[in-house]
Amino acid sequence: MITGQIKNQIDQIWDTFWTGGISNSIDILEQMTYLFFMKLLDDKQLNQEATAAIIGQKMSNPTFGEGNWHNPDQDRDVPFDDLRWSRFKNFEPSRMYQTVSQDVFSFIKHLNSGRESAYSRFMESAIFLIQSPRNLVKIVEGINSLDMNNRDTMGDVYEYILGKMAASGNNGQFRTPRHIIRMMVDMMKPTLDDTICDPAMGSAGFIVESAKYITEHYRKELMKKDRARHFRTTMLNGFDTDPKMLRIGAMNLMLHGVDSPTVEFRDSLSTDNSDEDCYTLILANPPFSGSLDKEAVAKSLLSIANTKKTELLFISLFLRSLQIGGRCASIVPDGVLTGSSKAHIALRKKLVDENRLQAVISMPSGVFQPYSGVSTAILIFTKTGSGGTDKVWFYDMHADGYSLDQKRNEVAESDIPDIVARFGNLEAEADRKRTEQSFLVSADEIREHGYDLAFNTYKETIREAVVYDAPEVILERATTLYAEIGEGMDNLKRLISKSHEA
């Protein structure tokens, strides 16, 4: 957790952007990532130089070499030293602004061979928006006070900034609530043997939480070179069609210790994506944009669900992309559970009959407030290609630890610990009654209900019998009451009459 002091520092940096004319929250976050990257590059080389000095060897392939770097955008030579954060942070405002906006920014844009990090690959379309030398100095001073070598702290810092972006109401749809992501990761329990993917990664929340889970549970194994290499490079995969979100997501991963994940610009539903039998675990909250141009959609996905609806096509993509035995946990809109179109029913049938559908967790509509009131659920399934659904676990989440209104204040009530614990021991759910918050439903019963996956379809409601009095008893009671009212009216009239006589 970050301290109040660090939060205040971030808030001050954020306010400096705002007062400097950058009011869109995603633009603020993007500009901050550029400066974070500049500092991370220099911090990394400073550490490498210190190590090289201790062992008495010269550094190989430094980011900042000796002599000058030629700036192709300005057609001039610039000393490498001037491009380093540790040097330009001490420049006077006008010189700092010229150096950073023209030279350092150009340097990181052309550092896109992929040698440095996944982040550097997405800098081609980047634009520097800070307009004031004075504001740049304040922002640089603020960032310089952060310990960016402490990855745990910086990861928390970045998540706090992502939270500010969501709370601002701009581009909040890019961020799934962190506690919901963590719940899904805790349920799926990723291991170092997994190859994990989010085909609509946004700010990379699912990938980052998976990385955090691995580092928390496999610390000793990560000390082995081959395991560490897999974790930093091939284990985590994410795709998006928004260059801004790719930069933000790649920076999020860098600040959590994952320098070279497979993060790429890709329309996951298009014919350009050929992923098939690739991953052992998919975690996602794909966009629910309604519909799209079917001509651009991969035919292999349409063969699973012939539809324009992205929420169905993404489930089809997950089935195609997973290896046999691969698992998926995905957030879906309620329509996926109950939709009556041929495509809806065909997809649910495929999950139940041809694979292993394990769980349907219904979430309250307030989970995505303040920027959306959509009702959603979590589908958990394993790709088998040959069936295997025996019983499906249903859970009706009532509370997630936050108020379900626009404010989303923290509250004591949360079903999340109960959900994680019960999913980890489904055998104990066998005796749960249909009147309870969770229970198991057989695949045969789901088929009988036309593959409907709504919790309320299978929930039993206890209705208490109400015994009414006989009509003659009610009539007698009414007659008595009427007589009492009449007597009361007569008494009131007498009192009024006496008051007038007096």
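**Exercise 1. Aromatic pairs**

Task: Classify Trp 69 and Phe 107 as buried or exposed, and then describe the aromatic pairs in which Phe 36 and Trp 69 take part.

Solution.
Step 1. Trp 69 has a relative accessibility of 14% and therefore counts as buried; the term means under 20% relative accessible area, whereas exposed means over 50% and partly exposed lies in between (1.4 Å probe, protein chains only). Phe 107, at 4%, is buried as well. The model is predicted, so local features need pLDDT of at least 70 and side-chain atom pairs count only at pLDDT 80 or more, while totals for chains, interfaces and linings use all residues. Residues are numbered from 1 along each chain as its sequence is written, and side-chain values use heavy atoms, with hydrogens and water left out.

Step 2. The structure contains 15 aromatic pairs; rings of Phe, Tyr and Trp (its six-membered ring) are paired if their centres lie within 6.5 Å, and planes under 30 degrees apart count as stacked, over 60 as edge-to-face and the rest as tilted. Phe 36 and Tyr 158 form a tilted pair, with 6.3 Å between centres and 55 degrees between planes. This pair links distant parts of the chain, since Phe 36 belongs to helix α2 and Tyr 158 to helix α6, 122 residues apart. Helices and strands are DSSP runs numbered from the N terminus (helices: H or I, at least four residues; strands: E, at least two).

Step 3. Phe 36 is buried because its relative accessibility is 0%, and Tyr 158 is buried with a relative accessible area of 0%. Trp 69 and Phe 107 form an edge-to-face pair, 5.2 Å centre to centre and with 90 degrees between the planes. Trp 69 lies in strand β1 (residues 68-71) and Phe 107 in helix α4 (residues 93-110), so this pair ties together parts 38 residues apart in sequence.

Step 4. Tyr 34, Tyr 97, Phe 105 and Phe 128 form one aromatic cluster.

**Exercise 2. Nonpolar cores**

Task: State which residues touch the most other members of the largest nonpolar core, and which helix gives the most to this core.

Solution.
Step 1. The largest core has 103 residues, and Leu 35 and Phe 36 touch the most other members. A nonpolar core is a set of buried Ala, Val, Leu, Ile, Met, Phe, Trp, Tyr and Cys residues joined through side-chain atoms within 4.5 Å.

Step 2. Helix α2 (residues 25-55) gives the most to this core, with eleven residues.

Step 3. Beyond its neighbours within four places in sequence, Leu 35 contacts Phe 17, Trp 85, Val 100, Ile 130, Leu 136, Ile 139 and Ile 143; contact means heavy atoms within 4.5 Å.

Step 4. A second, separate core of 44 residues includes Cys 197, Tyr 279, Val 332 and Leu 357.

**Exercise 3. The surroundings of Phe 231**

Task: Locate Phe 231 in the secondary structure and list which residues it touches.

Solution.
Step 1. Phe 231 is part of helix α9 (residues 225-234). Its relative accessible area is 5%, so Phe 231 is buried.

Step 2. Not counting residues up to four places away in sequence, Phe 231 touches Leu 192, Ala 211, Ile 214, Thr 215, Leu 222, Leu 236, Gly 257 and Val 258. For Ala 211, 20 residues apart from Phe 231 along the chain, the C-alpha separation is 7.9 Å.

**Exercise 4. Salt bridges**

Task: How many salt bridges does the whole structure hold, and where do Lys 212 and Glu 159 lie?

Solution.
Step 1. The search finds 32 salt bridges, each a side-chain nitrogen of Lys or Arg within 4 Å of a carboxyl oxygen of Asp or Glu.

Step 2. Lys 212 forms one with Glu 159, the closest N and O atoms being 3.4 Å apart. The pair links distant parts of the chain, with Lys 212 in helix α8 (residues 205-217) and Glu 159 in helix α6 (residues 151-167), 53 residues apart. Glu 159 counts as buried because its relative accessibility is 11%.

Step 3. Asp 186 and Arg 182 form a salt bridge at 3.0 Å, N to O. Both lie in helix α7 (residues 178-188), four residues apart, about one turn of the helix. Asp 186 is partly exposed at 21%, whereas Arg 182 is buried at 18%.

Step 4. Arg 422 and Glu 429 form a salt bridge at 2.7 Å, N to O. Arg 422 is partly exposed at 22%, whereas Glu 429 is buried at 1%. Salt bridges that share partners join Glu 159, Arg 182, Asp 186, Glu 209, Lys 212 and Glu 216 into one network.
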